[in-house]
Number of protein chains: 2
Amino acid sequence: MDIRKLEAFCKVFELRSFSKAGQELFLSQPTISSHISHLEDELGVLLFDRLGKRTVPTQPADLLYRTAKELFQSLDDVQSEIHMLRDKVVGELQIGGSTIPANLILPRLISGFMRMHPGVTFSVDVSDTLEILKRVHNGDLSLGLVGSKPDLPGLASSLLMEDDMVVVASPALAKSLDGENGTPLESVLSLPWIMREKGSGTRKSLEDALDACGGLRNLNVVSHVGSTTAVIECVLAGVGVSATSQLAVQRYVESGDLVLLDVPELRKRRRFYLTYLSDRKLYPAMRAFLAYVENARETLPQQLMPGRKTSSGSASIRLVEANSA
Amino acid sequence: MDIRKLEAFCKVFELRSFSKAGQELFLSQPTISSHISHLEDELGVLLFDRLGKRTVPTQPADLLYRTAKELFQSLDDVQSEIHMLRDKVVGELQIGGSTIPANLILPRLISGFMRMHPGVTFSVDVSDTLEILKRVHNGDLSLGLVGSKPDLPGLASSLLMEDDMVVVASPALAKSLDGENGTPLESVLSLPWIMREKGSGTRKSLEDALDACGGLRNLNVVSHVGSTTAVIECVLAGVGVSATSQLAVQRYVESGDLVLLDVPELRKRRRFYLTYLSDRKLYPAMRAFLAYVENARETLPQQLMPGRKTSSGSASIRLVEANSA
DNA sequence: TAAAAATACTCCATAGGTATTTTAT
DNA sequence: ATAAAATACCTATGGAGTATTTTTA
């Protein structure tokens, strides 16, 4: 099924003539004959009834003609799309991220970027860090957003954003504590806790933090749940407290639906990285997105966490007071 | 944009390796290299970033890969569809008909045929006889149903069905006539008439009939309308009487909504013909449909016109009595 | 007889091969 | 040192041509 032969076939179909098709395609009539009969051999059917001087397409020819035309159309289309891709900020960017960046950082980046470049679309994959890195490495993804610095050869990475793991509670639960001057670690640990499942990065962070402050892991765990969303819903419902990404709960803290408990011992900084294949040829869409992210790193943190303007310095800001007043 | 080159490209895309692609396609690595660089030249973009030992597709490659896969899929599909066409009673039949056969005969034929052969679909074109014949002749249509015997060379034709032009009136209007022993021509002609537009085959038939019985054309025409449907609606509404195809009014006559006026002088037989290119290779679907029609010619007339069981002999059956009783 | 497609043949462009070099790990 | 792609060069299949024959309107 050669393209040239299909072209010849289409012309014959349209002109009902081998010789006229030859003229239009600047080919000789015997060449057209040969193309058609090759196609007929290959398909095992007659494509044209040769009725003396007239040439009439058969039923299979009808079918073949339609798909051949579609085929030429999509070949034309893909060529012009590729030229666009080369010259303009358009096309699809395939981005992968682990849970926090894919769910909480990317959407805001995409939203801002799409306002500037409406021709760019995104496909976002959420997966674990290792999978993301593998897929960036083999080119399935053009960009990865992950929670740890990758060390695969060929992968460049830069710091995208910092986030703190914080302890949250419903306002009702928080009130039962004396919110005076920071919350004592012991009273927080004795509260009912909602815990992430084994394997969760957030759980790992919490366990590290607990280990760091004396190896005590005897939390009063009342529930294990499998996602950040589920954790938040549980805390909102007053099931207990939990430690989770500040980015994830920021909205609720601002609206007063949740309050942060200031437990310096459990505050743990997490860093998110943007990673991509260095040495790769950059097309306009990708180049523009990288530039946008580079710029957003400076301006976005304020947007993303308005309550943290001064937080980068000391880790023990009295957020509880600010919101439970 | 050669198919073989696209195949090579897809394999490289999937395997991320020129040499592995070569192995799977039983081609040498340099051949793959050459194919890819030809495509890159043709498209004006890099398709793979050659990162030392690793090969990573670029953004345009992504786009090309998707359309190439679709393309191969539709090529596969069309091949198997063509094989089906060759071996089974499936596929689309393109049939054209002038108004009466396309609207009144074909639907019943199709309906019966599709019950036997659900794999066959139809595309029906309604047009004037000349256009239909032209398109059957050049192979656009596989079958034509027309109101006159074609004499184009290469076109075979066979009688499909006979139909009578009859005069119809609303029951109310009919009652005003003495329906005793046939309706006298003069009293019918003096009724208000609904006439088809110039160029209509039905109008031509009526004028011929009027000419034949004495050249009198001084009808009391109260309305000219452009379609059989409009004629029927006008008669139903009591605007006047009209002469039209018996096939078209049969339903209404049976239900009693219209009555036939027995005017032997205006009864005019019309013949409809089925036509197709002789010498054409017949595929199963077409062969089956022709056989079905051949058979239906014997059995269908009774279905189509139950009131005419004995009508083929004499032209002056007292249909008025039968329905206005 | 003329017009269209098929056949016979010739030629060369290019798909594809082998051998080798280059490049990066 | 090794593995992968690029380069150089060669071969031969088949795409395309010209000349001619066959077919049918």
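**The surface around the DNA**

Mentor: Around DNA strand C there are 21 residues, and A:F18, A:P30, A:S33, B:P30 and B:G52 come nearest. A residue counts as near a strand when its C-beta atom, placed from the backbone, lies within 6 Å of it. Keep in mind that this is a predicted model: local features need pLDDT of at least 70, side-chain atom pairs count only at pLDDT 80 or more, and totals for chains, interfaces and linings use all residues. Residues are numbered from 1 along each chain as its sequence is written, while chains are lettered from A and ligands numbered from 1 in the order in which they are written.

The biggest giver is α3(B), with four residues.

Now turn to DNA strand D. It too has 21 residues around it, with A:S28, A:G52, B:F18, B:P30 and B:S33 coming nearest. Two or more residues each come from α3 of chain A and from α2 (18-25) and α3 of chain B. The classes here are seven nonpolar, nine polar and five charged.

Next, how do the two chains relate? Chain B can be laid on chain A with an RMSD of 0.2 Å, by a turn of 179 degrees and a shift of 0.0 Å along the axis. The two copies are thus related as by a two-fold rotation axis. The same surface serves both: 100% of the contact residues of chain B recur in chain A.

That contact takes 40 residues from chain B and 41 from chain A. Residues are in contact if their C-beta atoms, placed from the backbone, lie within 7 Å. On the chain B side, β1 (48-51), β2 (54-57) and α4 (59-87) give two or more residues. The most come from α4(B), with 16 residues. This side of chain B has 19 nonpolar, 12 polar and nine charged residues.

Step back to chain A. Its domain assignment gives domain 1 (3-87), domain 2 (91-162 + 271-306) and domain 3 (164-269). The bounds come from an automatic or database assignment. In chain A, the C-alpha centres of domains 2 and 3 lie 28 Å apart. Their contact takes eight residues from each of these two domains of chain A. On the domain 2 side of chain A, helix α5 (residues 99-116) gives the most, with three residues.

Finish at A:F9. A:F9 is among the residues with the most contacts inside the largest nonpolar core, which has 158 residues. Such a core is a set of buried Ala, Val, Leu, Ile, Met, Phe, Trp, Tyr and Cys residues joined through C-beta atoms within 7 Å. Buried means 20 or more other C-beta atoms within 10 Å of a residue's own. Leaving out residues up to four places away in sequence, A:F9 touches A:H35, A:I36, A:L39, A:L47, A:L64 and A:A68.

Technical notes: Least-squares fit on C-alpha atoms with pLDDT ≥ 70 in both. Nonpolar A, V, L, I, M, F, W, Y, C, P; charged D, E, K, R; others polar. Buried ≥ 20, exposed ≤ 12 C-beta atoms within 10 Å, placed from the backbone.
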